[in-house]
Amino acid sequence: MIDLFAGCGGLSLGFENAGFTPVFVNELHQDALETYLANRHHELGGLAFAENPALRLNDAQQLKGKRLEQLISDLKNIPELDFQIENTLSASGGGSSLDVIAGGPPCQGYSGIGIRRSYEVDREDIPSNHLYGRMALIIQKIRPKIFLFENVRGLLNAKWTKGGSKKIWPDVVKAFQSISGYEVRWSLVFAKDYGVPQNRPRVLLVGIRKDICDVAEQSGLVDPKRDPEDAVSCGFLPEGRPQEYPNLEDLLGDLLDPAVAKVLRDQTFPKGPFETVDYPKKPKKGTIQELLRSGPPWEPTQKVNLSEHQYSKHRREVVEKFDHMLANDGAIPAEFKTKKFAQRVLKRRWDDQGPNITATSLADDYVHYEQPRVLTVREWARLQLFPDWYQFCGKRTTGGIRRAGNPQLGIFDREVPKYTQIGNAVPVGLAEAVGKQFRLILEPSD
């Protein structure tokens, strides 16, 4: 597979769990790219970009012309990949031996939260909002067997200009439907239906090359005639598995250090990092905790040490506010209310509606279900089902213009600290479910 706009690697990790190997990766932000590379291992099928810098790239806008031709040449020179691409293509399909190109272009300008942080600049004036077109051109050139475009639900209703009526989504669909020789379908899915402890709605658009689609249809794996749009009903995406998500106390309970609450309330912080460096509790056998604490794929029996479990040194009034919220079903006392739009207490156990949260780029969106604090980076990562061996590079957090940029002034660069990397990622469990479905579709043609 190729992973475009890869971020810290959630989508790739899910696909790796499903049996795919990334051979090229692009990511604009250096910290996110370093996180991605730090968690890949050459023994997993010889990850080419681990030793060949030409097979990783920061800016997708540069992947055109000679640079794109060079990428194709580089792929042909990987013996274990056996990459091939036809010189003559037809409307019926045909293309390269690459299985998948996947990617989720930056979504800050599409989401409701993101546009509020973009100073109400018209979406058509934000360069990253046009990257879907770059992705479509790369797919047209390399012609994988399947492609996957991923983005936020807000894209479905977003408009190019504040006062205009033209929606962005039809233009996105048209760009991918215009790639010759592919059947294209899309669905709005919810991560909680794929074992992820978040609601997290996501738009997934899938294109299957017609020669691959024909074989899969004959095998009864897909049925593109069933619906002209819906990817799930056509078998392009997996059906959900409601009620299989973990409760938060089952997901995070082994990370709960009882000494932390007292330190917060007494304000007796250490001079250095305020963190827990050893697991406070043992995981129960056969649980999600045990799974997330197992070693990496290249050394599954390796002991994993607890990391990224550093706490924020909240001021006394913040601790008091959180304590009040914990004791009063999340209610914020009048004297502590601010303009912040999304701060609430996490539920220890989900109700009948299931997870009602989405991990964003802001750690202080949620209060821990038992202690008067926000989640740590490690707890945040577990919400996305990143295993504990997964390490994150860069700053722990940041704020203001460094995180949001200022499109009004033409400042589009953003820092991507650890919380933001995790919040931007595709949930690992969702990616793995999609990867497994793609494997089923591809196997009849192997």
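Which residues line the largest cavity? They are L11, F15, L148, E150, L204, V426, L430, A431 and V434. This is a predicted model, in which local features need pLDDT of at least 70, side-chain atom pairs count only at pLDDT 80 or more, and totals for chains, interfaces and linings use all residues. Residues are numbered from 1 along each chain as its sequence is written, and side-chain values use heavy atoms, with hydrogens and water left out.

**Cavity**
- The structure holds 1 cavity of 30 Å³ or more; a cavity is a set of points, on a 1 Å grid over the protein atoms alone, where a 1.4 Å probe fits but cannot get out, and lining residues have an atom within 4 Å of a point.
- The space in the largest cavity is about 40 Å³, a volume being the space filled by probe spheres set on the points, which are joined across faces, edges and corners.
- Two or more lining residues come from each of helix 1 (10–17), strand 5 (146–152) and helix 15 (428–442); helices (H or I, at least four residues) and strands (E, at least two) are DSSP runs, numbered from the N terminus.
- Helix 15 supplies the largest share of the lining, 3 residues.

**Nonpolar cores**
- The largest nonpolar core has 64 residues, of which F15, L148, I208, F386 and F438 touch the most other members; a core is a set of buried (under 20% relative accessible area, 1.4 Å probe, protein chains only) Ala, Val, Leu, Ile, Met, Phe, Trp, Tyr and Cys residues joined through side-chain atoms within 4.5 Å.
- Helix 15 gives the most to this core, with 8 residues.
- A second, separate core of 40 residues includes V23, F24, F149 and L205.

Methods: On a 1 Å grid over the protein atoms alone, a cavity is a set of points where a 1.4 Å probe fits but cannot get out, and a pocket is an open set with protein on both sides within 12 Å along at least five of seven lines; lining residues have an atom within 4 Å of a point. Buried means under 20% relative accessible area, exposed over 50%, partly exposed in between (1.4 Å probe, protein chains only).
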